[in-house]
Amino acid sequence: MKADTLRGHLDALLLAVLDGRKLHGYAIIEALQLRSDGALDLPTGTVYPALRRLERAGWLSSEWDVVSGRKRRTYRLTRSGEQALAAERTEWREFTTVIGGVLGA
């Protein structure tokens, strides 16, 4: 998948992967790969800065946990993150309807 295709959608993808769960950074990357059948293979240099930015925006909270015997920062959605995800999903549905109508089946 082209990197330009993802531009503007990274926040929504990260929020969606965290919906209802608490994950550490590498697990988030793995979840994106799994849910996209391998099409999304984002580098840590893209994901971790985005997670920190979303935390500064108040959409994520984080804490240090021990995962598989290792200390890792885990992330979860905040209430405002849940609201942001709902808005992103609505916007995505509207976008795909409009673009689908233009491009056709």
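Student: What do the buried residues of α3 pack against?

Tutor: They pack against α2 (10-18), β1 (23-24), α4 and β3 (70-77), contact meaning heavy atoms within 4.5 Å. The buried residues of α3 are Gly25, Ala27, Ile28, Ile29, Ala31 and Leu32. This is a predicted model, in which local features need pLDDT of at least 70, side-chain atom pairs count only at pLDDT 80 or more, and totals for chains, interfaces and linings use all residues. Residues are numbered from 1 along each chain as its sequence is written, and side-chain values use heavy atoms, with hydrogens and water left out.

Student: Why is serine 36 called buried?

Tutor: Buried means under 20% relative accessible area, exposed over 50%, and partly exposed in between (1.4 Å probe, protein chains only). Serine 36 has 18% relative accessibility and therefore counts as buried. Serine 36 lies in the loop between α3 (25-35) and α4 (44-56).

Student: Which backbone oxygen does the side chain of serine 36 reach at 3.3 Å?

Tutor: That of glutamine 33.

Student: Why is isoleucine 99 called partly exposed?

Tutor: The relative accessible area of isoleucine 99 is 33%, so the residue is partly exposed. Isoleucine 99 is found in helix α5 (residues 79-103).

Definitions and conventions
Helix = DSSP H or I, 4+ residues; strand = E, 2+ residues; numbered from the N terminus. Polar contact = N/O pair within 3.5 Å; in protein donor to acceptor, adjacent residues only side chain to side chain.
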